[in-house]
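Reader: I would like to learn how to read the features of this structure one at a time, starting with the general idea in each case. Could we begin with the contacts around a ligand?

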Amino acid sequence: MGELVLENVFKKYSDDAVAVSDFNLQVEDQEFIVLVGPSGCGKSTTLRMIAGLEEISDGQLRINGKVMNDVPPKDRDIAMVFQNYALYPHMTVYDNMAFGLKLRKFSKAEIDQRVKNAASILGLEDYLTRKPKALSGGQRQRVALGRAIVRDAGLFLMDEPLSNLDAKLRVQMRAEITKLHQRLKTTTVYVTHDQTEAMTMATRLVVMKDGFIQQIGTPKQVYENP
Ligand code: ADP
Ligand code: ADP
């Protein structure tokens, strides 16, 4: 389950650098929320506060009803996908996907089952013994998604996961991520500066500007009232 509430959340990097101001959002289980807006508007900071990678200056973050402000990232039931994939270059695809589970002391059998299941969902079965440098951009992005899937977390956070791909692949991966969400139904918060990406993928959009929320709504609502 992945319900998420941000209440009057602020992020101040310093007194004169307020990156996020009075952010209020309630995310229901299974939603695919897209934070969209120009570079520097506070999307990434918001996502990193949800992940626990950035401290919240003021306000409250709750996940499934529990206050999370002071809970360390590893205890948040969150899996994150980064723009640069953050794959380990010296490890095979299999080991990249298994790594987070090994850290968490899952059994070998459980790891094997989860990795193979994720590989089959993502069409990576034939690439498990390769290293990242022997993969295409799209395949690398699938491995990064695989690392998130195997965790079986309640919440996915994705920070510009497609921006390193060329235009054609980006459109293809958009559809793949949407399909993945329809299949797994994991609550997702997805960050992008690309309006088309936001409109095509979101169940609801959060439009940000200068650290503030400008608008929250379905793609249809945002399209009709820009
Ligand atoms: P976005 O993801 O929308 O591009 P960010 O959340 O990265 O925006 O940044 C929001 C604002 O906070 C920007 O003005 C940025 O310069 C500033 N900022 C981001 N990270 C830091 C940091 N570590 N220290 C100081 N300012 C930061
Ligand atoms: P995984 O490999 O599945 O991402 P990890 O055990 O490596 O899981 O990560 C534990 C936590 O650390 C995650 O919940 C995530 O929030 C955070 N994290 C993972 N990768 C990075 C990274 N490259 N930079 C910062 N934080 C990270």
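Author: A polar contact is a pair of N or O atoms within 3.5 Å; within protein, one of the two must be able to donate a hydrogen and the other to accept it, and residues adjacent in sequence count only if both atoms are side-chain atoms. In this structure, a polar side-chain atom of Thr45 lies 2.5 Å from an oxygen atom of ligand 1, and a backbone N or O atom of Ser44 lies 2.8 Å from an oxygen atom of ligand 1. An N or O atom in the side chain of Tyr13 is 3.3 Å from a nitrogen atom of that ligand. Accessible areas come from the Shrake-Rupley method with a 1.4 Å probe, and for residues only the protein chains shown count as cover; ligand 1 has 560 Å² of accessible area on its own, and the protein covers 54% of this.

Reader: Before we go on, what kind of model is this, and what conventions apply?

Author: This is a predicted model, in which local features need pLDDT of at least 70 and side-chain atom pairs count only at pLDDT 80 or more, while totals for chains, interfaces and linings use all residues. Residues are numbered from 1 along each chain as its sequence is written, chains are lettered from A and ligands numbered from 1 in the order in which they are written, and side-chain values use heavy atoms, with hydrogens and water left out.

Reader: Which residues are around ligand 1, and which element gives the largest share of the shell?

Author: A residue is near a molecule or strand if one of its heavy atoms lies within 4 Å of it. The residues around ligand 1 are Tyr13, Ala19, Pro38, Ser39, Gly40, Cys41, Gly42, Lys43, Ser44 and Thr45. For the elements, helices (H or I, at least four residues) and strands (E, at least two) are DSSP runs, numbered from the N terminus; helix 1 gives the largest share of this shell, three residues.

Reader: What surrounds ligand 2?

Author: Its surroundings include Leu53, Pro73, Ile78, Phe82, Tyr88, Arg104, Arg147 and Arg151. A polar side-chain atom of Arg104 lies 3.0 Å from an oxygen atom of ligand 2, and for Arg151 the corresponding distance to an oxygen atom of ligand 2 is 3.5 Å. Ligand 2 exposes 540 Å² when taken alone, and the protein buries 74% of that.

Reader: How should I read the order of the strands in the open sheet of six strands?

Author: Two strands pair if DSSP finds at least two bridges between them. Here the open sheet of six strands has the order 6-7-8-3-9-10, with mixed pairing. Strand 6 (78-81) and strand 10 (212-217) are the edge strands, each pairing on one side only. Strand 3 (residues 32-36) and strand 9 (residues 204-209) run parallel and are joined by four bridges, with Leu35 opposite Val206 in strand 9.

Reader: Which strands stand at the edges of the open sheet of four strands?

Author: That sheet has the order 2-1-4-5, with antiparallel pairing. Strand 2 (17-27) and strand 5 (66-67) stand at its edges, each with a single partner strand, so one side of each is left without a neighbour in the sheet. Strand 1 (residues 4-14) pairs with strand 4 (residues 58-63) in the antiparallel sense over five bridges, and Glu7 stands opposite Gln60 in strand 4.

Reader: Is Thr186 buried or exposed?

Author: Buried means under 20% relative accessible area, exposed over 50%, and partly exposed in between (1.4 Å probe, protein chains only). Thr186 has 12% relative accessibility and therefore counts as buried; this residue lies in the loop between helix 5 (167-184) and strand 8. Contact means heavy atoms within 4.5 Å, and, leaving aside neighbours within four places in sequence, Thr186 is in contact with Glu31, Ala153, Gly154, Leu155, Phe156 and His181.

Reader: Where is Gln139 placed, and what does its side chain reach?

Author: Gln139 is in helix 4 (residues 137-150) and is buried, with a relative accessible area of 13%. Its side chain reaches the backbone nitrogen of Ser136 at 2.8 Å. Leaving aside neighbours within four places in sequence, Gln139 is in contact with Leu124 and Tyr127.
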